[in-house]
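My notes follow in the order I took them.

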Amino acid sequence: MFRFSLPFVLANLLQTLYGMVDMIVVGQFVGSIGLSAVGIGSDLLSILTLLCAGFTTAGQIMISQYVGKNNRTSISHTIGTMFTILLLAALGVTAVCCVLADPLLRLVNTPDEAWEQAMSYTVTCYMGLFFIFGYNIVSAILRGMGDGKRPLLFVAVAASVNIVLDFLFVGVFQMAAFGSALATVLSQAVSFIISIFYLYRRRDSFGFDFHLNSFAVHKAQAAALCRMGFPMALQYGAISVTMMFVNSIINGFGLTISAVNSVGNKLRSLCTVVVQSIGTASTTMCGQNLAARRHNRVSKIVHISLLINVAYVAVLCAVLLLFPRQVFRLFTSDEEVLGWAATFMPVMVVNFTCSALMGPYNALINGLGYASLSMVISLLDGVAARIFLSLTLGAAYGVMGYWYGNGLAGIVTVVLASGYYYSGRWRTRKLLVDE
């Protein structure tokens, strides 16, 4: 479990690193206006990335189960179907988002001071969605096959390019938030091109020859991808949209609070990146072992991933609580923002704890391909609990109530997902490959 998940962890940490470098460079060279602009733009972009992740995760689960069944033909059909459907979707989403850029920024209460930079950041990032979708497709294919090392290499290249371009565009050429977005898009493009080249060079081992007819959309795989992908995309999107809803209210408290919230969202990624990486590894391992009917191994996977998550989060929380201002100072030297550091860190502890506990149980449900249950749990988490808790606590305690309500919503997922696991009903659940 640890050997398999480590490349995922490192790859996603690198992705988080160059996302944080965006914030650090912009914060140091542009200030709170830049922090707010990049933070809001990143939130909007993350929704689209998560929608893509819903379908690529579905494809990864399908491939992992086909690997468990040793069905090479279905693996090839899944790869071709994923490429065609999702890359066409990326082009459509790009066009729609560019047209709706203005109302989307108004929807999240973008501060007037940060409006121009937020607009340039988001539109530039939208233009790179094709590369983001493409890279996620290739990574899902490799991870479904059990290869976590190559995605790590591709992300390492992207991170290196992004960091260099960040300092060049923002620090040297003074291109502000636009420069940060341009660095992100170019680094994603490099990563996608390299990953496609690798997949092409190893096409024989994947059973996918890259001929034009290989990109045909196969009915069975397209139906399975949509049947599981739509609920998973809705699952990811519901949580992300409700978080954006809460963030939009928080942004209304002014530029300083918006900047604090943007830093907090980046710090949150330090937790979620590891938890999600462990979850990605667990999902693949659960899918393969479920298809092979090795249920005892599935239980071990859940327990070990839970142990890893809790240990990591305990260390991370200790650092944030002991050194709050030092951590915030990485992003900004604005004293008003720094003054909120110690007050804000307990919010992160609540959020991190819920993430650590929910991850392993979600991985089992995803490994089963039980997308409808996962969607229901996420809707209860995102729509019911997050909005209800945030509005209720926010009305009583102001911005701190909104922050705590956002973090406490994860308890719903922990209770429901763990309840399903301990019920044992997953042992008799029909898999996608059986259907």
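Predicted model: local features only at pLDDT ≥ 70, side-chain atom pairs only at ≥ 80, totals over all residues.

D102 is partly exposed, at a relative accessible area of 29%. I then checked its partner: D102 forms a salt bridge with R106, and their closest N and O atoms are 2.8 Å apart. R106 counts as exposed, because its relative accessibility is 53% and the cut-off for exposed is over 50%. Both D102 and R106 sit in helix α4 (residues 101–107), four residues apart, which is about one turn of the helix.

How many salt bridges are there by this rule? I found that the count comes to two.

The other entry I made is for R325 and E335, a salt bridge with the closest N and O atoms 3.1 Å apart. R325 belongs to helix α13 (residues 324–329) and E335 to helix α14 (residues 335–338), so this pair ties together parts ten residues apart in sequence. I noted R325 as partly exposed, at 33% relative accessibility. E335 is also partly exposed, at 47%. In general, side chains of opposite charge can pair when their charged atoms come close.

Next I turned to a helix pair. The axes of helix α10 (residues 219–251) and helix α11 (residues 255–291) come within 8 Å and cross at roughly 150°. Angles over 145 degrees count as roughly antiparallel, and α10 and α11 are therefore roughly antiparallel to each other. I listed the contact residues: M243, N247, I250 and N251 from α10, with I257, S258, N261, N265 and R268 from α11. I sorted the residues of this contact into three nonpolar, five polar and one charged.

Methods: Residues numbered from 1 in each chain as written. Heavy atoms only, no water. Axes fitted to C-alpha atoms, helices over the stretch in contact; angles between N-to-C directions. Helix = DSSP H or I, 4+ residues; strand = E, 2+ residues; numbered from the N terminus. Parallel < 35°, antiparallel > 145°, perpendicular 65-115°, else oblique. Contact = heavy atoms within 4.5 Å. Nonpolar A, V, L, I, M, F, W, Y, C, P; charged D, E, K, R; others polar. Salt bridge = Lys/Arg side-chain N within 4 Å of Asp/Glu carboxyl O. Buried < 20%, exposed > 50% of the residue type's maximum accessible area, 1.4 Å probe, protein only.
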